[in-house]
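Open the model in your viewer and keep the sequence panel beside it. The tour goes stop by stop, with something to select at each.

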Amino acid sequence: HSSYSESDSYVNLNKDLNVYKNAIFEGDVTIDGDIEVDGAVFAVVNDKQANHLNTSENDETENTASVGDDTLIGAGGNVGVNITAGDNNQQDNATALTYFTSSSSHMSADAEVFSYQDNEYNQTEYSEVTNDASIGNNVLSSATGNIGANVSAGNNLQQKNNMAISMVDKGVMAEANVSAEQYSDHNYTYNDETENTASVNG
């Protein structure tokens with residue numbers, strides 16, 4: 001796999017699969033043959049977030065982000081919730097899913113997630129600032145499936161949920177991969193009487 005961090009997104013997938021199995025058998029066993037693949041299905045997410053050279057000055061500021069009570073009760077499937085209060089924050093949910101069913105027994109499925117977050121050279125000055133991020137009562141209660149929730153308060157924060165699932169019915173091969181990179185450096189923060197609160201209520 002190769003993934004680049006420039007603003008122009010590009011992913012090049014080269015597959016070279018070697019499978020090695022170490023098994024012990026009692027008796028005479030002869031194993032011989034090739035894995036034949038005559039079809040393939042791919043799901044690829046190439047996700048990049050870049051946050052550079054920003055300047056923020058907050059004086060007596062209140063940043064509030066919240067999800068109200070009883071939101072998404074009984075939700076199902078692939079659910080992502082992002083709540084952030086502050087400056088220069090990055091949050092993300094990325095999912096790649098492949099599923100294929102066919103009468104052919106030679107199918108292959110592949111799910112790939114490439115993610116990149118970069119937060120550099122940002123300047124933040126806080127004076128008497130309140131950042132409050134919260135999830136209310138019973139949010140996502142009885143929810144099922146793949147659920148990702150990010151809650152953050154402050155500045156220059158990065159949060160990410162990635163998932164790759166690959167499944168093939170009657171196939172010979174299924175593969176799922178996640179590649180995640182996060183960078184946060186050369187950032188400057190000044191806090192004076194600042195309150196950062198991130199909470200998840202019952």
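This is a predicted model: local features need pLDDT of at least 70, side-chain atom pairs count only at pLDDT 80 or more; totals for chains, interfaces and linings use all residues.

Stop 1

**Stop 2: one pairing in detail.** Keep β10 (residues 130–135) and β15 on display. The two run parallel, joined by 6 bridges. Pick N131 in the viewer. Which residue of β15 does N131 stand opposite? It is N196.

**Stop 3: the aromatic pair.** Select Y116 and Y183. A search of the whole structure finds 1 aromatic pair, and Y116 and Y183 form it. The pair is tilted, with 5.7 Å centre to centre and 50 degrees between the planes. Color strands β8 (residues 107–120) and β13 (residues 173–185) next. Y116 lies in β8 and Y183 in β13, so the pair ties together parts that are 67 residues apart in sequence. Are the two residues buried or exposed? Y116 is buried, at a relative accessible area of 14%. Y183 counts as partly exposed, at 36% relative accessibility.

**Stop 4: the whole chain.** Zoom out and show the cartoon. The protein chain has 0 helices and 15 strands. Of its 202 residues, 32% count as buried. Switch to contacts: among those in the chain with a separation of 6 or more, 83% come from residues 24 or more positions apart. Finish with the surface. The accessible surface of the protein chain is about 12200 Å², and 43% of that belongs to carbon and sulfur atoms.

Definitions and conventions: Residues are numbered from 1 along each chain as its sequence is written. Side-chain values use heavy atoms; hydrogens and water are left out. Two strands pair if DSSP finds at least two bridges between them. Helices (H or I, at least four residues) and strands (E, at least two) are DSSP runs, numbered from the N terminus. Buried means under 20% relative accessible area, exposed over 50%, partly exposed in between (1.4 Å probe, protein chains only). Contact means heavy atoms within 4.5 Å. Accessible areas come from the Shrake-Rupley method with a 1.4 Å probe; for residues, only the protein chains shown count as cover. Rings of Phe, Tyr and Trp (its six-membered ring) pair if their centres lie within 6.5 Å; planes under 30 degrees apart count as stacked, over 60 as edge-to-face and the rest as tilted.
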